Amino acid sequence: MTNLAQLFFDAASLGGLYAMAALGIALIFGVMNLVNFAHGEYIAFCVFALIVPSTDAVAVMLLGRAPALLLVPLVLSLGAAIAIASEYAVFRHLRRADPVAMMISSFALGFVIRNALLAIYGGRPKAISLWPELNTPVAIVGADVPLLQLIVILTTLLVVAGLAGLLKKTRLGLEMRAAAENFTMARLLGVKANVVITGAFALSGALAAAVALIMATQTGVADVRMGGQIMLVAFIATVIGGLGSLPGAVAAGFLIGAASVLLQAFLPLDARPFRDAFLYSLVIVCLLVRPQGLFVPASAKPRV
Amino acid sequence: MSKLGVFDISVRYGKVPAITDLTFHLEEGERVFIAGPNGAGKSSLLNAICGRVPTTHGRIEMDGDLLTGRAPEAIARLGLSMVPEGREIFGSLTVEENLRVGTGIRRDAEAVETDIEEIFAAFPILGERRRAAAGALSGGQQQMLAIGRALMTNPKLMMVDEPSLGLAPKIVDQVYDTLVALQEERGLTLLIVEQSSLRAARVGGRMVLMRGGRIVGEGNAADMADRDALAQAYFGNTQPEAEEVA
Ligand SMILES: Nc1ncnc2c1ncn2[C@@H]1O[C@H](COP(=O)(O)OP(=O)(O)OP(=O)(O)O)[C@@H](O)[C@H]1O
Ligand SMILES: [Mg+2]
């Protein structure tokens, strides 16, 4: 029979992963109304940065060989760098464009990155082994939990707490929150648009890198498509959470993770292959009931 | 050199002209009211000055620096601050955070703290609710916050778009008393959009009348209000017709 503690850890770690991916999208949406569909490709890019560029089927670790203390900051910086670079090369020129044009160019940018990865690394998924020892289970309250799950849960909590602290306690955080609510008004008060947007992209890219590290360790695969799948879930989480709401993105990420684990555990066996159909039906129900998102703060409504 | 020089500017939204070939000056330390019917282009003028909407023609200068073509944040950094129509406070931020958003351009960290206390002294209700979400304030309190927030950038020129809109007369008095006191204390130059010529006359200053995107009259606010009253007596207008008072 399914162990409840086991379920809890599965749900929390999957939800944590979704929450971090959703945060990366919500951050950018908040400051510039852009749903950045290239976010998934940032994730794939960071995974492939771990291995030696080649189209061989066997992956040889490159960055992935560095000790964790060096590897983690390096990959986070790489994620921040590709996000900042894409802002500089693409989105900066579209600030006054309408949101649909920006979204479409983010699709285009995603295709460019994905095809570049395909050209360099080939299309076949490759087995990689990053910190394999983290997949050994440890016994906690009667459940066999892979160490990685605990690390994912802990990392999510740290990331969420760290981000909340940054947003609440720092100058940049204050400016980002103000800009997320009313960008023009923030600029009229001297807040520099470029600083806020670059900051948001850097954080978003670093979050993509964190997701990449977790996925690479968990799945042991480097696959060009891996970013696209989690991007879809993360995007849905930001919509359900209320586009632009950071707490909403986190909560909805956890919610989707939990729903997906619970459905997997409790659906009748015959229905399990269709788990995602059930999951997305729940999403549709959510949006029918609260189209503006589950967690939109009352204060976000305009007052007269 | 005047504090603010607006030379022959035009603003249009698509094909709709909002301001046509408008020229206008503001002297250091002056208090100027802009009046005129709805759609006259008053807000558009303020928005053009602060860099929020582009001009299609002409130029705008402050202290001899060209503002035209600069980003809003660059203009704010030159010492221009704005209380926009509809206040646009940050509802999800606390009252105090709203006041701090504009302080990033200042280098005098201690003065920021005393200025915040000064705002709280002028508007005690803001001090009482400094940690409350600004979105939960009443309309009048939000107006006070928007003014306080604009002052916190330590501007040399401040523009206020319809401070009296939707406020009880008593609150409007209070808002103007504070504005005038702060202006005298800091040597601010004030540009205020105000529909009521009576109100402008009572506060005192110069008044500029706009209509159809142009300036159609100008004078001492008190004189203009008298003529306004006269025009109303003769023609029974509720909205002063610009030509008649000009
Ligand atoms: N964002 C906009 N898009 C299109 N047209 C606009 C916009 N803002 C203003 N206008 C038009 O420009 C003209 C001037 O508007 P503006 O808001 O400057 O007038 P106003 O004098 O401030 O009026 P009010 O007293 O109602 O605030 C109006 O005809 C208006 O319809
Ligand atoms: Mg107006």
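Keep in mind that the model on screen is predicted.

Select residues 100-121 of chain A. This span is 100% helix and 0% strand, and its end C-alpha atoms lie 31 Å apart.

Next, select residues 230-256 of chain A. Here the chain is 85% helix and 0% strand, with 12 Å between the end C-alpha atoms.

Now select helix α8 of chain A, residues 193-219. At 1.5 Å a residue, its 27 residues should span 39 Å; the end C-alpha atoms are 38 Å apart, which agrees. Colour α8(A) by burial: 19 of its 27 residues are buried, so the helix is largely enclosed by the rest of the structure. Step past its end to A:G220, which follows α8(A) and has a positive phi, near 70°.

Move to ligand 1 and show the residues around it. There are 13 of them, and B:G39, B:K42, B:S43, B:S44 and B:E85 come nearest. By type, this shell divides into 4 nonpolar, 6 polar and 3 charged residues. Helix α1 of chain B, residues 42-49, supplies the largest share of the shell, 3 residues.

- B:E85, at 2.6 Å
- B:S43, at 2.7 Å
- B:Q195, at 3.2 Å

Switch to a surface view to end the tour. On its own, ligand 1 has 640 Å² of accessible area, and the protein covers 61% of that.

Definitions and conventions:
Residues are numbered from 1 along each chain as its sequence is written. Chains are lettered from A and ligands numbered from 1 in the order in which they are written. This is a predicted model: local features need pLDDT of at least 70, side-chain atom pairs count only at pLDDT 80 or more; totals for chains, interfaces and linings use all residues. Side-chain values use heavy atoms; hydrogens and water are left out. Helices (H or I, at least four residues) and strands (E, at least two) are DSSP runs, numbered from the N terminus. The expected span of a helix is 1.5 Å times one less than its number of residues. Buried means under 20% relative accessible area, exposed over 50%, partly exposed in between (1.4 Å probe, protein chains only). A residue is near a molecule or strand if one of its heavy atoms lies within 4 Å of it. A polar contact is a pair of N or O atoms within 3.5 Å; within protein, one must be able to donate a hydrogen and the other to accept it, and residues adjacent in sequence count only if both atoms are side-chain atoms. Accessible areas come from the Shrake-Rupley method with a 1.4 Å probe; for residues, only the protein chains shown count as cover. Ala, Val, Leu, Ile, Met, Phe, Trp, Tyr, Cys and Pro count as nonpolar, Asp, Glu, Lys and Arg as charged, and the others, Gly among them, as polar.
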